[in-house]
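Please look over the sequence and the model first, and then read on.

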Amino acid sequence: MATQQTQLLARTLLTPAVALLFIWMIVPLALTLYFATLHYNLLDPGSESFVGLENFRYFLTDPAFLASLQNTLVLVGSVLAITIVLGVPLALLLDQQVVGLSIVRLMVIAPFFVMPTVSALVWKNLLMHPVSGLFAWIAKLFGVPAIDWFNDAPLFSVILIISWQWLPFATLILLTALQSLDEEQKEAAEMDGARAVSTFIYITLPHLARPITVVILIETIFLLTVFAEIFVTTGGGPGLQTTNIAFLIYSQALIQYDVGSASAGGLVAVVLANIVAFFLVRIVGKNLEA
Amino acid sequence: MARMVTTQRKVISTAAAWLVGFLIFFPILWMVLASFKTELEAFAIPPSFLFFHWTTENYVTVQERSDYLHHALNSILIAGGSTLIAMLIAIPAAWSMAFSPTKRTKDILLWMLSTKMMPPVGVLVPIYLIYRDFGLLDTRTGLIFILCLGNLPIVIWMLFTYFKEIPKDILEAARMDGATIGRELVYVLTPMAIPGLASTLLLNLILAWNEAFWTLNLSTLEAAPLTTFIASYSSPEGLFWAKLSAASTLAIAPILVLGWFSQRQLVRGLTFGAVK
Amino acid sequence: MGQITLQGVQKSFGPVHIIKGADLDIADGSFVVFVGPSGCGKTTLLRLIAGLEDVTGGAIMIDGKNVVDVPPAKRGLSMVFQSYALYPHMSVRGNIAFGLKMAGLPKDEINKKVEGAAATLNLTPYLDRKPRELSGGQRQRVAIGRAIVREPKAFLFDEPLSNLDAALRVQMRLEVTRLQKQLATTAIYVTHDQVEAMTMADKIVVLNAGKIEQYGSPLELYERPANLFVAGFIGSPKMNFVTGEEAKQQGAATIGVRPEHLKVERDGQGWQGTVSVAEHLGSDTFLYVDCGPLGMLTARYVGELGLHPGDKVSLTPEPGRIHRFDEGGKSIRA
């Protein structure tokens, strides 16, 4: 019958996407799982042998793992804090009546569109270079000694660059949420005698709770696997100071060619991301009901 | 209703907004300025902001010495190709889920989203080995394929949320008017979906253009898009700031323009419809 | 021709039975209104006839041909949606012409028909506008134009006036009725508004919980409701129901009297009560009278009696205007 034909057609149209994504998810993951149980080094072909959980033990007890886990958490936490703490007032500012708002919006959103390798190199050289960078010149103007950013505070430097990239994202989402706040709600609060500060605390902030959660979750997904910025600025160093989990796995796989322990690390990264994903999927799923 | 705001307050917020906007935009502006300086001026302390010897020689050098256009073409083919293929797979899937939902539709959508959450680094090893064995390393085909799969969930989600907003009534009206499914697609659905299709296309072009994990790991020279090309400037001997700036400006200019056009759709696309 | 017959039509969504076996005969050229509370299945029944949903069981005959396996477009019906469902990217002309274009009619014939329909509906000046540039009433007219231009066997209307304001609704009500009579095309009209049902219909179908409670002309339903549900649903203000001793005396489980059939007197031999609220509309007065054991009764009085809350009144049912119902709620006919 008519509508049954439509349903059959619908299912047929859905199949390729589902099949592709299923393969894309399951094949590499299964392979990772398999490699993780092998002693497997690309520099030493033919020596593959089953080692059980040895790779996991090696990866998890490697001091580099703990260091990189710590760096990952510090990086994610700091960028989240910076983008939200600065993003909320920035969004509030852009929600005011501003002459030329569309141009200001364009300027604020621009960093998000800059490819990671470009923003990392521009910041590292043009701005943060200890001798010829703009920051060094500004420090000199104020008579302060210039900071050698990537030697004295390498992780913070990386955090700064990544925050610059993600601040627009947080601001834009919070601004969109603010604009959907019912004006009458604020007016009702005003009629109830609430001042600007109370309106912000009791009306605006609760309204922003959900978008802030969304920002946190989505940024976390991306920030857990920051790679390009570290790759082109510090290469994980000095020492392990800017090595995060993504970079550690990369260096084990494609620098040391240790497929086994890189795979074990990959699975650890998948588990970490899944914890975050679990919450995000729940929030987005709730939204589907509406 | 927009409320009347005192002139004083308007002046203050305008000044503050412009100042903050300028500060955030400044690194990009500084880079563009540096691209028109000579290498010597780019390094100079104190820096000159506007009164330097403007030159376009860096742009010429970037093309002559490092074959910029080759990498730009790679970027266009990889970002464009992966987006187009993703759209071709996603449009029927999103159409089907939006207009013939079943009990499992919601689960399928969430599952698709969860594949996007898988960190690429978790599957770097097998993908690298598979690519090595199939000769896909440093090929455009290989990158198109992986970026297509990586962005497919976002494309499906965006299209789904746009299709969802097309009232079902209108499609039923078309059916009553005697349109077959094919004609319904051509005359009714597609014209109504064009704004959504366009912004999905745009956002995913941007994401694919800027993707820097797979491109850095799976390409070196032949298939290297601009992300990888720019990364080659990180080696100490390659540090020519003016040329780096020129290459960077060229690499981000097209996408900055596209991004500015799509900024309104950006939010719903990146939040999977959770914030509109 | 547009004679529509339903035979044992059933529809369930999973375990939920929305339509529990509907039988109906709709004569060619008649205006039939489906009315009932929300969730009663009236819209589903309309969509089954349209072919937008598949029946679970039974047959739908159009001009003697079973159409349950025929796709919507081939049933020769046209529909006006509650949301109007205009194609936002097409002009008024494009909207009205779409069905004819799909049918593959030659261009000049399409133009002639579209302009004819537009003239009938006073849409000629707006033919090249987009739907978003029209007012609610104009959009409504475009939706109707789209329906009439195809010269269907029957029009299906799904609560078409519910998005209009009160004044416009009355005006469109008249226009739709007039148009239907002029075209002499069968029409099925779904509404939850019993005033619309009473004023527009040749025949009304009262639906409740997926069942047809009664099918008849407006006056039949008003004068001889088949059961308690129809008696309570048709008529405004609602019919008064009295149970207990008073009903038993009449040989019924429940008796019903419409407010307009209660004679109101200051002193009388009828049911005694106290006015608790009096609504003065000028032309008539609605009295809500507390009649003790009989409960709260509504009475309608034409004119003005100068009654106020607290006044004692007597209510006497007009003889022959008392409806009697048995235990199951069915009407008892003498």
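In chain C, what share of the contacts with a separation of 6 or more comes from residues 24 or more positions apart? The share is 63%, where two residues are in contact if their C-beta atoms, placed from the backbone, lie within 7 Å.

This is a predicted model, in which local features need pLDDT of at least 70 and side-chain atom pairs count only at pLDDT 80 or more, while totals for chains, interfaces and linings use all residues. Residues are numbered from 1 along each chain as its sequence is written, and chains are lettered from A and ligands numbered from 1 in the order in which they are written.

| Chain | Buried residues | Span of the C-alpha trace along the principal axes |
|---|---|---|
| Chain B | 53% of 276 residues | about 70 × 70 × 35 Å |
| Chain C | 42% of 334 residues | about 75 × 45 × 35 Å |

Helices (H or I, at least four residues) and strands (E, at least two) are DSSP runs, numbered from the N terminus. Chain B has 12 helices and zero strands, whereas chain C has nine helices and 18 strands.

The largest nonpolar core has 271 residues, and Ala90(B), Ala94(B) and Ile156(B) touch the most other members; such a core is a set of buried Ala, Val, Leu, Ile, Met, Phe, Trp, Tyr and Cys residues joined through C-beta atoms within 7 Å. Helix 7 (residues 140-164) of chain B contributes the most to this core, namely 16 residues. Beyond its neighbours within four places in sequence, Ala94(B) is in contact with Ile156(B), Leu159(B), Phe160(B) and Phe163(B).

Chain B also meets chain A, with 87 residues of chain B in contact with 86 residues of chain A. On the chain B side, helix 1 (residues 7-35) gives the most, with 16 residues.

Helix 5 (residues 105-117) of chain B has 13 residues, which at 1.5 Å a residue should span 18 Å, and this agrees with the 19 Å between its end C-alpha atoms; the expected span is 1.5 Å times one less than the number of residues. The buried residues of helix 5 of chain B are Leu109(B), Met112(B) and Met117(B).

Technical notes
A residue is buried if 20 or more other C-beta atoms lie within 10 Å of its own, exposed if 12 or fewer, and partly exposed in between; C-beta atoms are placed from the backbone.
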